[in-house]
Amino acid sequence: MVTIWWGVLGLLLGGYFALAGYDYGVGMLLPALSRSRDEAGQRRVLGAVGPFFLANEVWLVAAVGVLFGAFPHLEGRVFAGAYVLVVLLLLGLVTFTAAVQLRSRRPGGDRRGWTFAITAGALVTAVSWGLFLGNLVRGLPLDAQGRPLDDVLALFNPYAVLWGLGFVALFCLQGLAFLAVRGPAEIAGRVRRLARSFLFPVGVFLVTATVWGALSVSGASWAALAVVVLAFAAYLTVLFGLRSPRLALPAAMLLSACPALLVGVLRFPTVLFSTTGYQLTVDQAATTPDMAAVLGWFAAPTLLVLIVVQWLTWRAHRRPVTEKSLLHF
């Protein structure tokens, strides 16, 4: 039962990165995709992700709910060990989400500040997620009893910084793959050029993180190797499938989900590892069997509703944005 809940958590987090990654990618690239004075163009770019971005964030809310309910001992140690990154992540998420929704609320107003907030919030979110997951792969700065060390700078170690920069490139590539499918026609050429320019840094990130991790991470499982192979297969699909956007987009979404899946299976059944050797297994992290049984009554219906609503939203807004489209933001 504990393993099933761990799989549910992985499904929710993987779904969040696969879906919300293109939101942050579009946000970071908004100034490069349309001129600052082209208000109609910027609104069409944001309108491409507008119908989806709140629904995409729900996957993260559901994942945090599972983490708190099913793995309370893990949640406390992870948030305590990386509290600086959690705060940065929340600031980025709140800034991005609020700026997207508030940008067009005042007709005729100056929206450059909101555009900057969208880009900055998306950038902080992408970097924070990379730093966070990179530290989970390397090991959080916890002492032998699982308490946080008094060393904030340890969270910004070179390996985690590599992940932070890699996530910026990864989400930008995913955002461009999304815009190749649903973005306005007038930016199609710019989207293709930018997508080709991000292929190289994403490839460098994948190769460097894999080799560096293989040399420094101990106790990796065979499942982790399978996720790495899946990530490279998805990258190659994007690399050779950019001319077919409807093939490149799901591959880019899968590629963005792979880091979260890797963290989940890297040392399984150990789910938390520290730089001092502290370890927490999935059984030690889990809640009581009675609580897990209660949560089970809600898990299946919630997942079903989440998937169905996401699919219906995509079906309703799958066509590219045009000048006649109803723009949400």
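How accessible is Glu186, and is Glu186 buried, exposed or partly exposed? At 47% relative accessibility, Glu186 counts as partly exposed. Buried means under 20% relative accessible area, exposed means over 50%, and partly exposed lies in between (1.4 Å probe, protein chains only).

This is a predicted model: local features need pLDDT of at least 70, side-chain atom pairs count only at pLDDT 80 or more, and totals for chains, interfaces and linings use all residues. Residues are numbered from 1 along each chain as its sequence is written, and side-chain values use heavy atoms, with hydrogens and water left out.

**View 1. A salt bridge joins Glu186 and Arg44.** A salt bridge is a side-chain nitrogen of Lys or Arg within 4 Å of a carboxyl oxygen of Asp or Glu. Here the N to O distance is 2.7 Å. The pair links distant parts of the chain, 142 residues apart. Glu186 sits in the loop between α7 (158-182) and α8 (188-216). Arg44 belongs to helix α2 (residues 39-49). Helices (H or I, at least four residues) and strands (E, at least two) are DSSP runs, numbered from the N terminus. Arg44 is buried, because its relative accessible area is 13%. Side chains of opposite charge can pair when their charged atoms come close.

**View 2. Arg147 and Asp143 form a salt bridge.** The N to O distance is 3.1 Å. Arg147 is partly exposed, at 48% relative accessibility. Asp143 has 16% relative accessibility, so Asp143 counts as buried. By the salt-bridge rule, the count comes to 2.

**View 3. Helix α1 (residues 2-33) has 32 residues.** At 1.5 Å a residue, α1 should span 46 Å. The expected span of a helix is 1.5 Å times one less than its number of residues. The end C-alpha atoms of α1 are 45 Å apart, which agrees. Where does α1 bend? The bend is at Gly27, by about 35 degrees. That angle lies between axes fitted to the seven residues ending there and the seven starting there. In α1, 23 of the 32 residues are buried, so α1 is largely enclosed by the rest of the structure.

**View 4. Six residues make a nonpolar surface patch.** The patch covers about 560 Å². Its members are Tyr83, Val152, Leu153, Phe156, Val161 and Leu165. Patches are made of residues with over 30% relative accessible area and no salt bridge: like charges are joined within 9 Å, nonpolar side chains (Val, Leu, Ile, Met, Phe, Trp, Tyr) within 5 Å. Accessible areas come from the Shrake-Rupley method with a 1.4 Å probe; for residues, only the protein chains shown count as cover. Leu165 lies in helix α7. Leu165 is exposed, because its relative accessibility is 60%. Helix α7 itself is mostly covered, with 21 of its 25 residues buried. From first C-alpha to last, α7 reaches 36 Å, close to the 36 Å expected at 1.5 Å a residue.

View 5. Contact means heavy atoms within 4.5 Å. Leu89 is buried, at 10% relative accessibility. The C-alpha atoms of Leu89 and Thr125 are separated by 5.2 Å. Along the chain, Leu89 and Thr125 are 36 residues apart. Ala98 also lies in α5 (residues 83-102). Ala98 is partly exposed, at 30% relative accessibility. The C-alpha atoms of Ala98 and Gly121 are separated by 9.4 Å.

**View 6. Ala117 sits in helix α6 (residues 112-138).** Which residues does Ala117 contact, leaving aside its neighbours within four places in sequence? Ala117 is in contact with Thr95 and Ala99. Ala117 has 15% relative accessibility, so Ala117 counts as buried. The C-alpha atoms of Ala117 and Leu254 are separated by 28 Å.

**View 7. Thr313 lies in helix α12 (residues 289-316).** Thr313 is buried, with a relative accessible area of 14%. Thr313 touches Pro51 and Phe52, not counting residues up to four places away in sequence.

**View 8. A cis peptide bond joins Phe268 and Pro269.** Omega is about 15 degrees. Pro269 is in the loop between α10 (245-265) and β1 (270-273). Most peptide bonds are trans.
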